[in-house]
Amino acid sequence: MPGPSLHLAVEIDGDGAHPAAWRRAAHSPDQLLTPRRVAQVAAIAENAGFTLITLDDGVLPPGASPNPVGRIGAVERATFVAASTSTIGIAPVVPVTYAQPFHVSAKLASLDHISAGRAGWVVTEEERPEAARAWGRPLVADAAARARERRRPRPHPAAQRPGPPRDLPGR
């Protein structure tokens with residue numbers, strides 16, 4: 001039986017932890033957030049022997065002006081990366097405080113299918129009040145409220161539509 005092995009993961013977003021790290025990069029700033037660059041970094045991580053890559057996400061853009069902000073969602077980027085890699089695990093960070101569970105599960109199931117079983121999921125919470133406004137949901141203010149929100153069943157959005165039921169064509 002082989003001995004224990006070391007598994008390493010790396011987050012491949014941006015050029016580093018410092019908000020202005022992109023200024024010291026070898027590429028132009030307009031290349032930082034492109035899907036091609038994310039795929040190249042994932043291929044480098046795969047060839048270097050990393051076991052897993054993660055991609056951060058949130059409904060709000062990271063950083064603040066004048067740093068570059070805005071990006072494609074983590075699950076969508078992970079799906080793109082899955083098509084250009086073959087062995088590395090891919091785990092997007094998905095905040096679930098305001099997201100509908102069926103949307104999250106459908107995205108992750110698609111990622112798992114496209115990656116041939118290499119998908120993972122880093123579960124997190126969205127704590128910024130601006131995120132609640134972006135989702136059009138009431139603010140979940142503190143840790144206790146977020147715990148209650150996790151346990152509260154959510155109705156399907158179609159069940160929340162106001163007005164009388166619509167007749168089907170041909171009735």
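**Close-up views of a predicted model**

**View 1. Strands E2 and E3.** Strand E2 and strand E3 (residues 89-95) run parallel and are joined by 4 bridges. Strands are DSSP runs of E, at least two residues long, and helices are runs of H or I of at least four, both numbered from the N terminus; two strands pair if DSSP finds at least two bridges between them. Leu55 has Pro92 in E3 as its bridge partner. The model is predicted, so local features need pLDDT of at least 70 and side-chain atom pairs pLDDT 80 or more, while totals for chains, interfaces and linings use all residues. Residues are numbered from 1 along each chain as its sequence is written, and side-chain values use heavy atoms, without hydrogens and water.

**View 2. Strands E1 and E2.** E1 (residues 9-11) pairs with E2 (residues 52-55) in the parallel sense, over 3 bridges. Glu11 has Thr54 in E2 as its bridge partner.

**View 3. The segment before E1.** Ser5 lies in this segment. Ser5 counts as exposed because its relative accessibility is 53% (exposed means over 50% relative accessible area, with a 1.4 Å probe and protein chains only). The side chains of Ser5 and His7 make a polar contact at 3.3 Å (a pair of N or O atoms within 3.5 Å, where one must be able to donate a hydrogen and the other to accept it; residues adjacent in sequence count only if both atoms are side-chain atoms).

Conventions. Buried means under 20% relative accessible area, exposed over 50%, partly exposed in between (1.4 Å probe, protein chains only).
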